Amino acid sequence: MKNVDELEQQVTRLRRQLEATEALQQTLLDITHHLEMPELLEAIVRRASSLMNATGGIIFLRSPSNSESLEAVASYNLDRDYRGTRLSLGEGVGGRIVESGQPLIIRDYSQWSGKSLQSQFRPLRAVLAVPLTSRGNTHGALEIIDLTGERVFTEDDLNLLMPFAHQAAIAVENALLYEEERRQRKTANTLREAAEIIGRSLDLDQNLALLLDQLKKLVPYDSSTIQLLDQGRLHIIAARGFPADVDREQLTWENLENEIWRTIIFEKVPLNILDVRTDPRWKVRPGLEYIRSWLGVPIVTRDWVWGVLTLDKGEPNFYGQQEADLASSLARYAAAAIENAQLYASAHHLGLTHQKRAAQLASLQKTNLRLSSTLDLEIVLRTLAEGALELTPADDTHIYFYDQDTDELAFGTALWRDGSREPAVIAPRAGGLTSGVARQGRPVIIDDATDHPLFSGRQASQWGVRAIAGLPLKRQDRVIGVFTAAYLSPHQFSPEEISVLNLLADQAAVAIENAQLYQKVHAYSEELEAEVAARTQQLRDEKERADAILTHAADGVMLTDAQGTIEYVNPSWERLTGYTAEHALGQNPRILKSGETPPEAYTAMWQNITAGKVWRGQLRNRRPDGTVYDADVTIAPVMNEDGQVVNYVGVQRDITALKDLARLKDDFVSNVSHELRTPIANLKLYENLMHRGKPEKRDSYLQVIAHETARLEQLVTDLLDLSRLDRGAITLAPELLDLNGMAADVVNRLLKLAEERRITLELTQAPDLPPAWVDLHQMTQVLTNLVVNALNYTAPGGLVTVETASETRRGRVGVSLTVQDTGIGIAPADQEHIFERFFRAQTARETGVPGTGLGLAIANEIIELHDGQIEVQSTVGRGSTFKVWVPLF
Ligand code: ADP
């Protein structure tokens with residue numbers, strides 16, 4: 001145990017690790033329970049603060065709209081609620097952490113050179129801050145804060161917090177992903193509703209106004225317009241949110257001379273004005289002074305610009321890329337609505353019947369709806385193919401994916417009028433129509449394929465294509481696929497048919513990209529989930545390892561808080577003290593006190609441990625069942641950085657057996673030396689008398705010398721016997737023996753002694769006593785011991801009887817030897833001890849009869865070897881009866 005200190009340090013470390021692990025696991029549980037960001041963040045900062053024993057904490061995350069700035073998104077137990085506080089990258093602790101990706105330990109924030117100039121951070125004192133980094137992305141920073149000025153953070157704290165932060169970062173990333181997924185779902189829903197709206201009626205003004213209402217669900221605005229291009233001017237066709245007193249005329253007829261409009265319309269890109277007050281292009285109009293942020297996106301189908309969608313907001317810096325993207329996707333529906341209306345007008349113009357047109361629109365609408373309502377790529381492709389064959393008389397349609405970076409085409413789907421889904425070709429030929437459309441990003445329409453160079457070759461002519469249209473599937477400027485519609489009989493593509501195919505291609509491109517994105521996000525979130533699971537397993541393993549150490553430690557380990565309340569006990573502790581953990585937790589260790597420990601031990605213990613020192617000593621403890629045990633106890637205080645005791649670890653070991661052994665040894669030494677001293681003193685005395693005493697008395701001197709020598713011999717023999725019995729060196733040599741005969745021999749041998757003591761010694765032999773398998777020498781020793789004891793502890797004039805008998809015990813046939821005397825007797829309390837080594841009863845010692853206290857111990861061991869029993873009955877002043885029983889075999 002020379003490494004007690006080390007062991008305790010290890011236990012302390014293990015325990016803190018356990019705590020950290022538990023906090024982590026709890027956090028993991030939170031993650032699986034709520035993916036809701038605010039709750040998750042609050043759980044993280046709360047757990048981390050209590051783990052670090054700090055006042056509270058803050059979490060900063062990168063703002064979703066602007067990666068150069070951070071926002072406090074969780075604040076726990078500080079002087080104020082810091083949520084909403086913004087930092088720029090590099091500013092203050094959070095900004096520094098996110099910029100560098102490195103942790104920081106700050107002793108005193110007020111003295112720190114990098115502190116933020118914002119006044120609200122002034123009360124902060126010690127800060128421990130770590131990055132929330134996952135897969136190389138730093139999402140933000142977790143700051144653990146002390147406001148009291150008493151806590152100082154160390155490298156150890158940092159080491160404990162880092163794995164926690166890592167876990168938290170994964171959780172945050174998961175939650176971000178979840179939020180993003182939810183946002184995308186909301187977007188998809190809103191867009192689907194938008195599709196429904198434009199399919200429901202052909203009233204363009206009303207449809208566009210309803211689209212503005214949908215837009216508001218995706219991108220907040222104070223006011224918004226849809227303006228159509230008409231003869232070089234913009235005309236407001238739908239508006240929402242403008243003050244009632246604003247003159248509508250003021251808003252309309254925007255002149256394209258203005259640079260803002262020119263950019264949007266001619267460059268076909270969104271324009272975002274962060275603050276109109278600082279933008280020289282902005283023209284303030286009466287009634288519209290409230291506008292600070294402005295966003296305009298073009299309404300386009302393919303290359304044609306129909307108009308502009310605008311959004312106004314009363315606060316500056318409101319719109320970003322995300323808002324522009326969302327507004328653009330809604331603008332596409334506005335474009336579809338406008339195109340539908342135009343198609344209807346032109347159909348009218350072409351003289352198509354109203355019914356046919358209505359049926360076609362319904363079909364288009366249905367396709368449109370299905371495309372925008374699913375995120376399943378397979379369904380998107382089928383819908384597109386079915387829509388194409390429903391809306392045009394084409395014989396087959398093919399869709400291929402295109403990867404612009406590698407210039408590779410991959411088969412998507414095919415559909416023939418007879419329902420077959422066999423593709424004409426899996427990989428389109430290089431230099432063919434499909435690859436041409438993919439590379440150029442422009443539609444190719446061939447009305448007569450027979451003569452067309454692309455289809456007149458030997459192989460191509462086998463396909464029998466007579467007319468074919470290939471359209472690029474485009475998102476922004478990227479080609480993501482190609483979609484073809486082919487005829488096997490002569491066919492002339494009408495403008496109307498081409499515009500339907502274009503419309504389908506546009507919608508399909510959005511749907512395909514959405515589905516692909518969704519698949520990607522899905523795969524990513526699965527990957528993340530697997531990572532979290534792996535990490536959880538790792539943590540569980542670590543905890544199990546720590547648990548295993550404590551569980552299997554042979555010593556009892558107990559942990560209390562600074563007030564001494566028991567917080568943890570291991571199984572060995574439960575076994576040793578007899579208290580279950582359930583009973584012990586929450587109690588004070590004084591439940592263990594037996595009242596048998598000298599009070600000085602406790603005084604010394606408290607003096608040491610309150611002074612921060614380790615105490616080691618021995619205590620006598622009591623179990624709930626009343627038994628008392630000796631414990632070797634080590635108590636170590638666990639201190640925080642400021643030297644305050646926060647916990648005590650107590651390790652205890654049962655040393656009752658050791659103590660008993662020590663007591664026995666002490667008894668032995670004092671007994672043996674006493675027993676040796678008397679005969680030796682006598683020997684010396686009589687040896688002296690032999691020289692100087694009267695010669696005529698030499699005979700009697702010699703007698704005494706012989707007597708004392710015999711006594712010494714007996715003592716040494718007894719000790720040797722016992723030690724041999726202990727070592728198991730004595731093995732029985734049993735023989736079939738008549739115990740009557742043996743008893744007679746012993747009695748005869750001792751008659752002379754009895755006579756000297758003037759005690760009557762009698763033997764009663766049972767008739768027909770069966771022979772027993774016993775060791776003659778050993779049994780003789782047992783009986784001799786008993787009879788000598790009886791003679792020793794009986795006054796002159798007394799009676800000692802020896803009796804043999806057959807006796808059956810618990811079904812076993814056996815014989816017994818009973819030695820009864822009329823001597824001093826043994827007190828009941830002593831009776832249970834007389835078979836112990838060196839034990840001598842009070843009464844025996846008072847008589848002055850010499851003895852070693854070994855005779856009965858030896859007899860007991862011998863009888864045990866014979867599988868027999870030895871017992872005593874005795875009354876003080878009346879006499880004792882010893883009875884030995886052995887089985888026949
Ligand atoms: P000892 O050498 O002291 O006799 P034993 O082991 O033979 O050692 O006996 C142990 C103790 O048991 C004795 O010291 C005595 O106190 C008690 N004892 C044994 N036999 C008798 C007896 N016949 N009458 C009274 N006390 C006895």
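Student: How much of the chain is buried?
Tutor: Buried residues account for 48% of the 889 residues in the chain. Keep in mind that this is a predicted model.

Student: And what's the accessible surface of the chain?
Tutor: It comes to about 44000 Å². Carbon and sulfur atoms hold 51% of that surface.

Student: OK, how many helices and strands are there?
Tutor: The chain has 23 helices and 29 strands.

Student: What share of the contacts links residues 24 or more positions apart?
Tutor: Counting contacts in the chain with a separation of 6 or more, 59% are between residues 24 or more positions apart.

Student: Let's zoom in on Asn740. Where does it lie?
Tutor: Asn740 is part of helix α19, which covers residues 739–757.

Student: Is Asn740 buried or exposed, and why?
Tutor: Buried, because its relative accessibility is 11%, and the cut-off for buried is under 20%.

Student: Which residues is it in contact with?
Tutor: If you skip the neighbours within four places in sequence, Asn740 touches Gln765, Ala766, Leu769 and Thr804.

Student: New topic: which residues form the negative surface patch?
Tutor: That patch is made up of Glu150, Glu155, Asp156, Glu641 and Asp642.

Student: Where does Glu150 sit?
Tutor: Glu150 is in a loop, with β6 (137–145) on one side and α4 (155–200) on the other.

Student: And is Glu150 buried or exposed?
Tutor: Exposed, because its relative accessible area is 52% and exposed means over 50%.

Notes. Residues numbered from 1 in each chain as written. Predicted model: local features only at pLDDT ≥ 70, side-chain atom pairs only at ≥ 80, totals over all residues. Heavy atoms only, no water. Patch = residues over 30% accessible without salt bridge, like charges linked within 9 Å, V, L, I, M, F, W, Y side chains within 5 Å. Areas by Shrake-Rupley, 256 points an atom, 1.4 Å probe, with all protein chains shown as cover. Salt bridge = Lys/Arg side-chain N within 4 Å of Asp/Glu carboxyl O. Lys, Arg positive; Asp, Glu negative; His and termini not counted. Charge placed at Lys NZ, Arg CZ, Asp CG, Glu CD. Helix = DSSP H or I, 4+ residues; strand = E, 2+ residues; numbered from the N terminus. Buried < 20%, exposed > 50% of the residue type's maximum accessible area, 1.4 Å probe, protein only. Contact = heavy atoms within 4.5 Å.
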